[in-house]
Amino acid sequence: MKSLLSIARYTFVQQFRNRLYLVVLFFGALLMGVSLLFGALAAEQEVRVIFDLGLLLTELFGIVAVLFGAVTLVLEEMESKTIYLLLTRPLPRGFYIVGRYLGLVVSVVISLLLMGVIHVTLLGIKGWSFDPHYLAALPFIYLKVCVVGALAVFFSLFSSSAVASVVFTLFFSLLGHFGSELTFLARKSESVLSVLLVKTIIVIMPNFQFLNYRDVWHIPGSPPLSLWVWGGAYAVLYAAACLSLSIALFSRKEF
Amino acid sequence: MGDSHPAILLNSLTKVYRRSHLGRVRTTLGVEQLSLTVEKGEVFGLLGLNGSGKTTTIKLILGLLFPTEGTVDVWGLRMPHPAAKTKMGYLPEMPYFYRYLSAREVLRFYGNVSGLPSETMGPRIESVLKTVRMTDHAHRPMREYSKGMLQRIGLAQAMLHDPEILIFDEPVTGLDPLGLKEMRELIQSLNAQGKTVFFSSHSISEVEKVCHRVGILVKGRLQRVISQSEWSQTAGGLEGLFVDVVTSAGPMEVR
């Protein structure tokens, strides 16, 4: 356990010292500022636009940061051969994958918290009165980031190219937002083969419908308990499945 | 893990690399039917031309590669056994480290992963830094280090957890005359402490000066194991014996 926590801790330190990561963080903060501009264009809906756009940018930043973080951490480590010195020590290979993932996710979530602080400050300046929905929206964004991070770790082991890993992860993440459309397609299709194909895709792809708090927050008393339970359980199980597959791949990998 | 077991035991070890491209599988022989015993407290050198299988042998011992056939035992434990890994220190041909960490941070990280107790960690790090004469530079990020400095930190991390067996891959390649002398003295000092040292090299003159026995690999096969007493009584020394073994094995192929 000490070695797992050590991997997570140094991944976290590495992330924050990585210039590329800091540049992404800077652009995240900058885009928050840009949302002010869009807010100004929206006249009396200014606060609403800054609110929505800020949350969208937080989610996008989180996905981009965790995606590039996962791909560069694992693939770069294999290409630069720093992994040799780790795997020749008494470190179970599964610990390596889980430690890397935890360090990465924690570093991204802390960045997202920073973005949240900037966002709330901007909203406060514009006279926004605090809405508890905001606090409920952030954990769902973090859960999405955890799922995308786990997918990215899997694809960075599955593929030997960083570009292919990014493309596969983005493709899966995008399709994950179209769960209900895919279900509709399966229902309308008459061919057994295409129904089977679409249903397989639905099962394999992450279903971000479970984590789209924006879809339900107009309902009084939201977020409903079921969303917390199903969303949380789904994200944890999906990420665990991706990490289990990653560990299986990594255990057989030669260096 | 008793003294009755040899430090390293290779039994009919074969490694065949399989690479598939567009459905075509290409195989390359790494090593074939390699059997070898390295005793406790021995300095053993592995000599061979480029592509003879030296690095493959080392990676098989360390568990970075998996044998196609045969077995590797370290202190009687079948590799990759975690308990055996705690007793091994490895210096790769060109050590790579995390660019954003300082040497002290890297050593602490490897110490944690190696299971070094917290109370001995600090003194042990300072001790190995002193041995490789890097104490004054240990606070700097490793991206600022020269090749020679990286090599020194490579040695420090290999010795950090006070392993019983040290495995060095081409440790003298690229060293200046002073570096060669220091490396020779270090190997002799480690051996005087009762450590087993196993290393690969191209440099016959260096191997001749420090090794008790030498194995000559030709095209993945261990052609001959020669002891110090044999080469010291031969007119041409180890170089003459090496040339005889390599030329008698037939013409070299480009591998």
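Let's start with A:Glu77, which counts as buried because its relative accessibility is 2%. Buried here means under 20% relative accessible area, exposed means over 50%, and partly exposed is in between, with a 1.4 Å probe and protein chains only.

A quick word on the model. It is predicted: local features need pLDDT of at least 70, side-chain atom pairs count only at pLDDT 80 or more, and totals for chains, interfaces and linings use all residues. Residues are numbered from 1 along each chain as its sequence is written, chains are lettered from A in the order in which they are written, and side-chain values use heavy atoms, without hydrogens and water.

Back to A:Glu77. Which residue does A:Glu77 form a salt bridge with? The partner is A:Arg100, and the closest N and O atoms are 2.4 Å apart. A salt bridge is a side-chain nitrogen of Lys or Arg within 4 Å of a carboxyl oxygen of Asp or Glu. A:Glu77 sits in helix H3 of chain A and A:Arg100 in helix H5 (residues 93–125), 23 residues apart. Helices are DSSP runs of H or I with at least four residues, strands are runs of E with at least two, and both are numbered from the N terminus. A:Arg100 is buried too, at 4% relative accessibility.

A:Glu77 has another contact. Its side chain makes a polar contact with the side chain of A:Thr82, at 2.9 Å. A:Thr82 lies in the loop between helix H3 (46–79) and helix H4 (83–87) of chain A. A:Thr82 is buried, at 2%.

Now chain B. B:Glu182 and B:Arg133 meet in a salt bridge, 2.3 Å from N to O. B:Glu182 is in helix H6 and B:Arg133 is in the loop between helix H4 (118–131) and helix H5 (147–159) of chain B, so the pair ties together parts 49 residues apart in sequence. B:Arg133 is exposed, at 52%. B:Glu182 also meets B:Arg152 in a salt bridge, at 3.1 Å. B:Arg152 lies in helix H5 of chain B, so this pair ties together parts 30 residues apart in sequence. Shared partners join B:Arg133, B:Arg152 and B:Glu182 into one network.

Last stop: strand S8 (residues 196–201) of chain B. Why is S8 largely enclosed by the rest of the structure? Because six of its six residues are buried. On one side are B:Thr196, B:Phe198 and B:Ser200; on the other, B:Val197, B:Phe199 and B:Ser201.

Methods. Polar contact = N/O pair within 3.5 Å; in protein donor to acceptor, adjacent residues only side chain to side chain.
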